[in-house]
Amino acid sequence: MKVEKISINKLHGIHPFVSSYWAKLKEFNNWQNEAYLVESDGELFETLVLYKKIVFKKYLAYIPFSPLSIEENYLLTQEQLIEILNSINEQSIFNILFFRLDLPFSYGVNKIYTNKFVKNRNSIQPDLSVQLNLKKDIS
């Protein structure tokens, strides 16, 4: 497997959330970005990684709806996804505290992931959303 950092402008824009437009739009909300091209078993994938500072110099790495196959509807295995995350962690200029992935919908339909990937029940979008437990006194 080969994971290579590329310019944001080289993204094919297969999905709106994996595009240079989305990366530039998210910059207005203090997200930084990197793009990667992945080659695995002769298939090409691209992914956008958005970074948000959490504490000190530690970052959340958020991957929206990718890695996406450029030419086919090929799905990566969990082991391949983990290998990609490790490679991104090594190549990134950011000190990543943890990853959040929004995998393409086909991963959930085909149940590709196992218990190593914990399904997040809460969204990080929009940035100012909050949860409030109305069953407790909020005063």
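Phe65 sits in the loop that runs between E4 and E5. In this predicted model, the phi angle of Phe65 is near 45°, a positive value in a residue other than glycine. Phe65 has a relative accessible area of 14% and is therefore buried, the limit being under 20%. Pro67 belongs to the loop between E4 and strand E5 (68-69). The peptide bond between Ser66 and Pro67 is cis, with omega at about 10°.

Asn30 also has a positive phi, near 65°, in a residue other than glycine. The loop that holds Asn30 lies between H1 and E2. With a relative accessible area of 61%, Asn30 is exposed, because the limit for that class is over 50%. As background, most residues other than glycine have a negative phi, and most peptide bonds are trans.

| Residue | Relative accessible area | Class |
|---|---|---|
| Thr47 | 0% | buried |
| Ser19 | 9% | buried |
| Phe65 | 14% | buried |
| Asn30 | 61% | exposed |

**Overall fold**

The chain contains 3 helices and 6 strands. Read from the N terminus, the order of elements is β-α-β-β-β-β-α-β-α. Buried residues make up 39% of the 139 residues in the chain. Among contacts with a separation of 6 or more, 65% are between residues 24 or more positions apart.

Thr47 is part of strand E3 (residues 43-55), and its relative accessible area is 0%. Its side chain makes a polar contact of 2.6 Å with the side chain of Ser66. Leaving out residues up to four places away in sequence, Thr47 touches Leu11, Val18, Glu34, Ala35, Tyr36, Ile63, Ser66, Pro67 and Ile88. Thr47 and Pro67 are also among the residues that line the largest cavity, together with Ile63, Leu81, Ile84, Leu85, Ile88 and Leu101.

The structure has 1 cavity of 30 Å³ or more, and the volume of the largest cavity is about 30 Å³. Its lining consists of 7 nonpolar residues, 1 polar residue and no charged residues. Helix H2 (residues 78-91) contributes the most to this lining, with 4 residues.

**Nonpolar cores**

The largest nonpolar core has 17 residues, of which Val3, Tyr36, Val49, Tyr51, Ile84 and Ile88 touch the most other members. Two or more residues of this core come from each of strand E2 (32-40), E3, strand E4 (58-64) and H2. H2 supplies the largest share, 4 residues. A second, separate core has 14 residues, including Ile6, Leu11, Ala23 and Leu60.

Val3, a member of the largest core, touches Tyr36, Leu37, Val38, Ile84, Ser87, Ile88 and Gln91, with residues up to four places away in sequence left out.

**Ser19**

Ser19 is located in the loop between strand E1 (2-6) and helix H1 (20-27). At 9% relative accessibility, Ser19 counts as buried. Its side chain reaches the backbone oxygen of Pro16 at 2.7 Å. Apart from neighbours within four places in sequence, Ser19 contacts Leu11, Gly13 and Leu48. The C-alpha atoms of Ser19 and Asn9 are 8.0 Å apart in space, and these residues are 10 apart in sequence.

Note on methods: Residues are numbered from 1 along each chain as its sequence is written. This is a predicted model: local features need pLDDT of at least 70, side-chain atom pairs count only at pLDDT 80 or more; totals for chains, interfaces and linings use all residues. Side-chain values use heavy atoms; hydrogens and water are left out. On a 1 Å grid over the protein atoms alone, a cavity is a set of points where a 1.4 Å probe fits but cannot get out, and a pocket is an open set with protein on both sides within 12 Å along at least five of seven lines; lining residues have an atom within 4 Å of a point. Grid points are joined across faces, edges and corners, and a volume is the space filled by probe spheres set on the points. Ala, Val, Leu, Ile, Met, Phe, Trp, Tyr, Cys and Pro count as nonpolar, Asp, Glu, Lys and Arg as charged, and the others, Gly among them, as polar. Buried means under 20% relative accessible area, exposed over 50%, partly exposed in between (1.4 Å probe, protein chains only). A polar contact is a pair of N or O atoms within 3.5 Å; within protein, one must be able to donate a hydrogen and the other to accept it, and residues adjacent in sequence count only if both atoms are side-chain atoms. Contact means heavy atoms within 4.5 Å. A nonpolar core is a set of buried Ala, Val, Leu, Ile, Met, Phe, Trp, Tyr and Cys residues joined through side-chain atoms within 4.5 Å.
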